[in-house]
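I opened my notebook and the model side by side. These are my entries, in the order I looked things up.

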Amino acid sequence: GLLTPLHRDRLPRILAKALLFCGRYNDTKLYSSQSHPNSHILLISLSNFPGSDLPIGWTPCGRSCSRLAILYHWASPESRELENQKKEKAKGPLEVAKARGRVRTISTSLAMEIKMLSITDVFAILPCP
């Protein structure tokens, strides 16, 4: 593990917060590969986020890390279609509430986060100096 034990435990929360707010900061970078144009790296500095408790980890050569590198590519239309089919088969509490005449709403930012996760395939999350 390149992440500290504390940050391994907190990773889902750190990642959610970082993805939600990273666009506010100039040190957030997005890189694309010329040889693989569908693959991208989102580099997020965690120094902007309270509670990050830096450093978040260490490189194999011992350098401290304060950023997360999120490697992802756009989901294929086939995988998105499969995901949509799964959602249709399993109706959740929201659909049940709608059927009873009650409707819950979710925030726009959460809706955007859910959409982002449905159209991307994250395949690595690494600490970065």
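**Entry 1: isoleucine 44.** I looked up how covered isoleucine 44 is in this predicted model. Its relative accessibility is 0%. The cut-off for buried is under 20%, so isoleucine 44 counts as buried. I found isoleucine 44 in strand 2.

Next I asked which residues isoleucine 44 is in contact with, leaving aside its neighbours within four places in sequence. I wrote down Ala18, Leu19, Cys22, Thr28, Phe49, Ser66, Arg67, Leu68 and Ile70. I also checked the C-alpha atoms of isoleucine 44 and leucine 30. They are separated by 8.8 Å, and the two residues are 14 residues apart along the chain.

**Entry 2: strand 2 and its partners.** I then looked at strand 2 as a whole. Five of its seven residues are buried, so I noted strand 2 as mostly covered.

How many bridges join strand 1 to strand 2? I found four, and the two strands run antiparallel. A hairpin through six residues joins strand 1 to strand 2.

On its other pairing, strand 2 meets strand 5 in the antiparallel sense, over seven bridges. Strand 5 also pairs with strand 6, again antiparallel, over eight bridges.

I followed the opposite residues across these strands. Tyrosine 31 stands opposite isoleucine 41 in strand 2. Isoleucine 41 stands opposite leucine 71 in strand 5. Leucine 71, in turn, stands opposite alanine 124 in strand 6.

**Entry 3: helix 1.** I moved on to helix 1, residues 5-21. I noted 17 residues and a reach of 24 Å from the first C-alpha to the last. That is close to the 24 Å expected at 1.5 Å a residue.

Where does the kink in helix 1 lie? I found it at leucine 11, shortly before proline 12. The kink is about 65°.

I listed the buried residues of helix 1: His7, Leu11, Ile14, Leu15 and Ala18.

**Entry 4: the aromatic pair.** How many aromatic pairs does the structure hold? I counted one. The partners are tyrosine 25 and phenylalanine 49. Their ring centres are 5.7 Å apart, and their planes stand at 85°. Planes over 60 degrees apart count as edge-to-face, so this pair is edge-to-face.

Tyrosine 25 is in the loop between helix 1 and strand 1 (29-32). Phenylalanine 49 is in the loop between strand 2 and strand 3 (57-58). The pair links distant parts of the chain, 24 residues apart.

Phenylalanine 49 counts as buried, at 8% relative accessibility.

Entry 5: I looked up the bond between leucine 54 and proline 55. It is a cis peptide bond, with omega about -5°. Proline 55 lies in the loop between strand 2 and strand 3.

I then turned to threonine 4, in the segment before helix 1. At 18% relative accessibility, threonine 4 counts as buried, because the cut-off is under 20%. Leaving aside its neighbours within four places in sequence, threonine 4 is in contact with Pro55, Ile56, Gly57 and Trp58.

**Entry 6: the whole chain.** Last, I stepped back. I noted four helices and six strands. From the N terminus on, the elements run α-β-β-β-β-β-α-α-α-β. Of the 129 residues of the chain, 26% count as buried. Among contacts with a separation of 6 or more, 66% come from residues 24 or more positions apart.

I finished with the confidence values. The mean pLDDT of the chain is 78, and 72% of the residues reach 70 or more. Which element has the lowest mean pLDDT, and which the highest? Helix 3 (residues 93-99) has the lowest, at 50. Strand 4 (residues 64-65) has the highest, at 95.

Conventions
Residues numbered from 1 in each chain as written. Predicted model: local features only at pLDDT ≥ 70, side-chain atom pairs only at ≥ 80, totals over all residues. Heavy atoms only, no water. pLDDT = per-residue confidence, 0-100. Expected span 1.5 Å × (residues − 1). Bend = angle between axes of the 7 residues up to and from the residue. Buried < 20%, exposed > 50% of the residue type's maximum accessible area, 1.4 Å probe, protein only. Phe/Tyr/Trp six-rings, centres within 6.5 Å; stacked < 30°, edge-to-face > 60°. Pairing = 2+ DSSP bridges. Contact = heavy atoms within 4.5 Å.
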